[in-house]
Every structure is written in C-alpha cells, then in structure tokens.
Amino acid sequence: MNFELTEEQKLIQETARSFAASELEPLAARLDREDDRPAFLANLKKLAELGFMGLNVKEAYGGSEAGGVAFSLAMTEIARVCASTAVTVSVNNMVCEVIQAVGTEEQKRAYIPRICSGEYAAGSFALTETGAGSDPSAMCTRAVQDGDHFVLDGSKIFITSAPYAGVFVVWAVTDKDAPKGKGISCFLVEAGTPGLIIGKQEHKMGQHASATNEVIFDNCRVPASSMMGRLNDGFRIAVAELTGGRIGIGSLGLGIGLAAMDFATRYATERTQFGQKISSFQALQWMMADGYTELEAARLLLMNAAFRKETGRSFAKEASMAKLFATEAANRACYKAMQMLGGYGYTQDFPIERYTRDARITSIYEGTSEIQRVIISREILRNFS
C-alpha cells in the first residue's frame, strides 16, 4: 500500500499551506472579532484565482481537476488557519460538483466557471429548513409549475454564504402526494431573482467570518430550465452530494485540531512550572500523544474516503466514518490544547478558544455525529442481511 502523495497533490498542499500562512493568518483572529467582509471576500477571490474553488471539477468548466485527495489536503491546510474561509471553500466546491454531476451542459457552463474564477464569491447549498435538518426529506418549501416556470415558496435556514452567493442550489417539493423523499426536485436560483430574499444572519458561536443566513422564497419564479436533474429526483441528488461534502468538513475539522495541538505543544516547550518546561511532565506528554494519534487516524480515514471517491468506488460509509471520527477528534484535540495552556487557553489572548469554538460546529453541520452513526451502522448491517 502506497501512502505517498503525488507531486501534484504535494504542490496543492504546499500552495494551500503557503497561502494560509501569508494571506489568511494575518486576518484570521481579527475576522473572528470584527465584521470585515471585504477582506474576507478578497481572500476568497485570491483562492479562486489559485484554483481552489473547483478542485474536483473538470478543467473544461474552469476547475482544477485535481481530485478528491487534493481537495481534502487543501481543506486541512486552509482550516489550520481560518475555518471560516475553509467552510466557504468546501461549500463552493460542493456546489460546483453537484452542478457538474447533474446539471445540463448549459447549466454547467453558465455557473461553474463563475464560481471557480471568483466572479461569484460563493455558491450556496439551500437544503436545511426549520423542520428538516437531519431529516431533509421532511422539507416544506414548494415548487409549483406554472407554464414554463416554477414558483418557489418557503424558507431555508443555516445557508452558508447566502449574502454574497451568486447562485443557490435549492431543493423543493414538487409532488406533495409522493412518498416521503420521492417528490423533491433541485433548482438553480440566481442571486437577485425576484422573490429570493436573504433573511437574518445567525449569530454563531464560531466561524464568525462565514455568513450563515435564512433564505426566503416568496413567489419566486424561476424558468423550468433551472431544474437540475430529473423531476422528483432531488432528494437522491442531495444525499449523494452531502456524502462528498463530509470529506470536506472532516478535513476542515482535522485542520483545526492540528492547529490547536501544534500551538499547545509549542507552548508546552516554552512555559516553565516547578522549575522545568511543562512539556517534560508526563501528563502533558500523554495529551500530546493521544491528540496527535487520534488526528493521524483521522487523516488516514479521510485519505481513504477521498481516494475511494476519486477512484469511483463507493465511499458513503467511509466518508461518514471519516467525518465522525475527524470532527470528534478535533473537538477533543481543542479541549486537550486548552487544558495544556491552563487559564491562558480560556482567554482571547491565545487562539485556542477560537479553535475550540470553530471546531464545535464540525460535528453538527453536514450531518451530525449521530446521523453519521446511523449511516455507518446501516451500511454495516446491509452486509449482514
């Protein structure tokens, strides 16, 4: 078994690491405290110009065509420095991939290049509703056909990048009488379409620079040609794309966890107590050993899932295992890091408290840890039935 990265994967990893250090690091802490959207969007534009918004997208549509492993590596390096930027990059890649997977040729050429080039700062994935979170098949947003248009009514919540997205991938019920999950379709809705309203922005615990908003559809008319995929096949599309997105969020969690452990370990080699560096105490050595071991296991799970996706194999169970383990390990790593810093870890003078807040959501969005366990156990039991 060969665990070596290809030269292209190494180049993408190093480019992401270098960009994060030079462009994201000077801003990350300030963007956590202050609203400076122009600065945040400027970095997204630079990342687009470097090819990070379509890492698994064909070059014909403006993507980098670097594959799922390279995407995971890039996400980890960006998240080591700025989780808000990383989640935006992850969602942009997911939006590009879903359009590439099920869009018409006209839809692919109309929207993917705009996200990949940075013409659109972002794309949004509008699935979740107040009554349809872990169970998206329970959504209530409706799309009713009226001649050669569909009329969308309803609302979505927790939509990443909504205020600056150029296009929204929106799921809505098109057959209310169909069995649950069988009457949902998927649409592309451009920003600025009458009836598409950006609602209130959530005040979150972490990842502050990334906007998360309600999105309302009020008599929002879109051409019938804006439908992606087949009528009433939208739920299957959503489930498939969320599977790939879990590799992105798992990789994001890994990056935060590594950042926390790296900072705390450096701190332990510098701080003195009882006349010696605190890194010489076995209690802290065991925290380092456990933290880095778990994160290395997370990295291997992510690489396995990404490689299976890249090579066209089934990867649903592997992606859920990787997301579950990586994000839970990231949370544990942040708490270990905070413990290693003692009282200083709880202050805003050090980045550990920001890492801890940023990591917390990773085991919730893109499917909670509990939903990942449902998926994993279902896949396991399938082999025993």
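Residues are numbered from 1 along each chain as its sequence is written, and side-chain values use heavy atoms, with hydrogens and water left out. Because the model is predicted, local features need pLDDT of at least 70 and side-chain atom pairs count only at pLDDT 80 or more, whereas totals for chains, interfaces and linings use all residues.

Helices and strands are DSSP runs numbered from the N terminus (helices H or I, at least four residues; strands E, at least two). Packing was described with axes, which are lines fitted to C-alpha atoms, for helices over the stretch in contact, and with angles that run from 0 to 180 degrees between N-to-C directions. Angles under 35 degrees count as roughly parallel, over 145 as roughly antiparallel, 65 to 115 as roughly perpendicular and the rest as oblique. A crossing is left-handed if the near helix is turned anticlockwise from the far one by less than a right angle, and right-handed if clockwise.

Helix H4 (residues 83–102) packs with helix H6 (residues 234–270) at an angle of about 155°, the two axes being 10 Å apart. H4 is therefore roughly antiparallel to H6, and the crossing of these two helices is right-handed. An angle of about 160° was computed for H7 and helix H8 (residues 316–341), whose axes are 9 Å apart. H7 is thus roughly antiparallel to H8, but the crossing of H7 and H8 is left-handed. H4 also packs with H2, at an angle of about 50° and with the axes 11 Å apart, so that H2 and H4 are oblique to each other; H2 passes H4 in a right-handed crossing.

Exposure is given as relative accessible area (buried under 20%, exposed over 50%, partly exposed in between; 1.4 Å probe, protein chains only). Leu 252, which is placed in helix H6, counts as buried at 0% relative accessibility. The C-alpha atom of Leu 252 is separated by 11 Å from that of Thr 88, although the two residues are 164 residues apart along the chain. In strand S6 (residues 196–201), Leu 196 is likewise buried, at 12% relative accessibility.

The structure holds 25 salt bridges, each being a side-chain nitrogen of Lys or Arg within 4 Å of a carboxyl oxygen of Asp or Glu. Side chains of opposite charge can pair when their charged atoms come close. One of these salt bridges joins Glu 7 to Lys 10, with the closest N and O atoms 3.6 Å apart. Both residues lie in helix H1 (residues 7–33), three residues apart, which is about one turn of the helix; Glu 7 counts as exposed at 60% relative accessibility, while Lys 10 is partly exposed at 33%. A salt bridge between the side chains of Asp 36 and Arg 30 has an N to O distance of 3.0 Å, and Arg 30 is partly exposed, with a relative accessible area of 27%.

A further salt bridge is formed by Arg 80 and Asp 262, whose closest N and O atoms are 3.0 Å apart. Since Arg 80 lies in the loop between H3 and H4 and Asp 262 in helix H6, the pair ties together parts that are 182 residues apart in sequence. Arg 80 is partly exposed, with a relative accessible area of 25%. Arg 80 and Asp 262 also belong to a network of salt bridges that links them with Glu 14, Arg 17 and Glu 77.

Most residues other than glycine have a negative phi. Glu 65, which is not a glycine, has a positive phi of about 55°. Glu 65 is placed in the loop between helix H2 (37–49) and helix H3 (68–79) and counts as partly exposed at 45% relative accessibility. A positive phi, near 55°, was also computed for Phe 158, a residue found in strand S3 (residues 149–160).
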